[in-house]
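Hi everyone, thanks for coming. I'd like to walk you through one model today, so please have the viewer open and follow along with me.

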Amino acid sequence: MKLKQIFLALCLVIAASNSNGQILNIQDKRLDSLLDSLYAKHQYMGALTLSQNGKVIYGHVNGFRQISKTDSIPATATTGYRVGSISKVFTSVMIFQLIQEKRLHLSDKLISWFPKVPNAGKITIANLLSHRGGLSDIKAIPGIDYWIREPHSEAEVLRVIETSAIDFQPGSRAVYSNSGYILLSYILERVAKKTYGQLLKERITEPVNLRHTYYSPKRGTKSEESFCYNYNKGWQPVPETDWSIPQGAGAIISTSQDLALFASALFNGKLVSLQSLQMMEKITDGYGMDLGIMDCPKQPAYGHTGGMDSFLSTLTYVPADGLVLAYTSNGQAMPMDELVKKIFALSYH
């Protein structure tokens, strides 16, 4: 056992020493020009941060966090965006922390907490983390688009999941599931006997100094939260999913700078062990627990994207260079993957 611990520690040291990689010469002016031009053409509003080895090497913000006929408020580097499914990475980190503390096990069955969920006696924590639980995703349930606009209690959200269909048997394949990560959020609270927001603060945001990242069950708890928009003869507001629905599947607020800090901390062993990180990265049927392979000129690159209403975000980490690309948006016309490719092209020129 001691030899294994020494080996894992050495791996972390080696990984850290190799993370310097290529020293990037970011073309600031060309990136500024690209982003300002796209914003002027109403292609996006948002914030971009590039960091290398834990240090910010580029930052840019365009647009507004709130738009009205009488008073529009510009976005800044501390404007909070809903980061959608990037929230799942935070949830996965906290699950693995509890696993490392022996308070949870990957083999634990859902029936221990939610016996009314279909196949609860078969679905494991590992299945939920890797999108292999087999439950119909809550977003795919008929009529859900209207239901999610109103606040709902945990019991009401659970009732929807408990009455959902079984799409496949647990572990047989993988299909992306918000329902699985909502359940993981509730499991975190039950095991740790604290709210999701408290756990996020104690286990992630305070330890790595994420000053503008938090979980909120409703809008308005922070003054710098952004609203989301689509462009149609001007930026028009978009109805938002009520914050009580997604939980740790999509209810975290953050900034691009905080996301970059989070990624650096995660991939440099400050939040979970190397063994846990490797499980998060291992891809089976297209999904990890819950990291994915990201489109980047240099591979491997790991991370996650997020999308909720018209909020979009992406977080990519390139281990070879210690590079993080963190992007948050509250209005997007150009496909996000196209924009990210342009950004990487000017980073790896």
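**Aromatic pairs, helices and strands**

Let's begin with the rings: there are nine aromatic pairs in this structure. Before I pick some out, please keep in mind that what you see is a predicted model.

Take Phe90 and Phe262. Their ring centres are 3.8 Å apart and the planes make an angle of 10°; planes under 30 degrees apart count as stacked, so this pair is a stacked one. Where do Phe90 and Phe262 lie? Phe90 belongs to helix 3 and Phe262 to helix 9, so the pair ties together parts that are 172 residues apart in sequence.

Now a pair with another geometry. For Phe114 and Tyr186, the ring centres lie 6.3 Å apart and the planes are at 65°, so we call this pair edge-to-face. Phe114 sits in the loop between helix 3 and helix 4, while Tyr186 is part of helix 7, residues 178–192, so here the pair links parts that are 72 residues apart in sequence. Both Phe114 and Tyr186 are buried. There is also an aromatic cluster, formed by Phe267, Tyr302 and Tyr317.

While we have Tyr186 on screen, let me show you Glu154. Leaving aside residues up to four places away in sequence, Glu154 touches Tyr186, Glu189 and Arg190. You'll find Glu154 in helix 6, which covers residues 154–162. How accessible is Glu154? Its relative accessibility is 29%, so Glu154 counts as partly exposed. If you'd like a distance to check in your viewer, the C-alpha atoms of Glu154 and Pro237 are separated by 27 Å, and these two residues are 83 places apart along the chain.

Helix 3 spans residues 87–100 and helix 9 spans residues 256–267; their axes come within 12 Å and cross at roughly 35°. The crossing of helix 3 past helix 9 is left-handed. Which residues meet there? From helix 3 we have Val89, Phe90 and Val93, and from helix 9 we have Leu259, Phe262 and Leu266. By class, that contact has six nonpolar residues, with no polar and no charged ones.

Strand 5 pairs with strand 9, residues 252–254, in the antiparallel sense through two bridges. If you zoom in, you'll see Tyr81 standing opposite Ser254 in strand 9.

Strand 10, residues 292–293, is paired with strand 11 in the antiparallel sense over two bridges, and Gly292 has Gly303 in strand 11 as its bridge partner. How many bridges join strand 11 to strand 12? There are seven, and the two strands run antiparallel. One place to look is His304, whose bridge partner in strand 12 is Leu315. Strand 11 and strand 12 make a hairpin with two residues between them, and Asp309 in the turn has a positive phi of about 55°.

Strand 12 then goes on to strand 13, residues 323–332, again antiparallel and again with seven bridges. Here Ser313 has Thr328 in strand 13 as its bridge partner. The hairpin of strand 12 and strand 13 has four residues between the strands, and Gly322 takes a positive phi near 60°.

How covered are these strands? Strand 12, residues 311–318, is mostly covered, with seven of its eight residues buried. Strand 11 is mostly covered too, with five of its seven residues buried.

To close, let me return to the pair we started from: Phe90 and Phe262 are stacked, and these two residues take part in the contact of helix 3 with helix 9.

Key
Residues numbered from 1 in each chain as written. Predicted model: local features only at pLDDT ≥ 70, side-chain atom pairs only at ≥ 80, totals over all residues. Heavy atoms only, no water. Pairing = 2+ DSSP bridges. Axes fitted to C-alpha atoms, helices over the stretch in contact; angles between N-to-C directions. Left-handed = near helix turned anticlockwise from the far one by under 90°. Contact = heavy atoms within 4.5 Å. Nonpolar A, V, L, I, M, F, W, Y, C, P; charged D, E, K, R; others polar. Buried < 20%, exposed > 50% of the residue type's maximum accessible area, 1.4 Å probe, protein only. Phe/Tyr/Trp six-rings, centres within 6.5 Å; stacked < 30°, edge-to-face > 60°.
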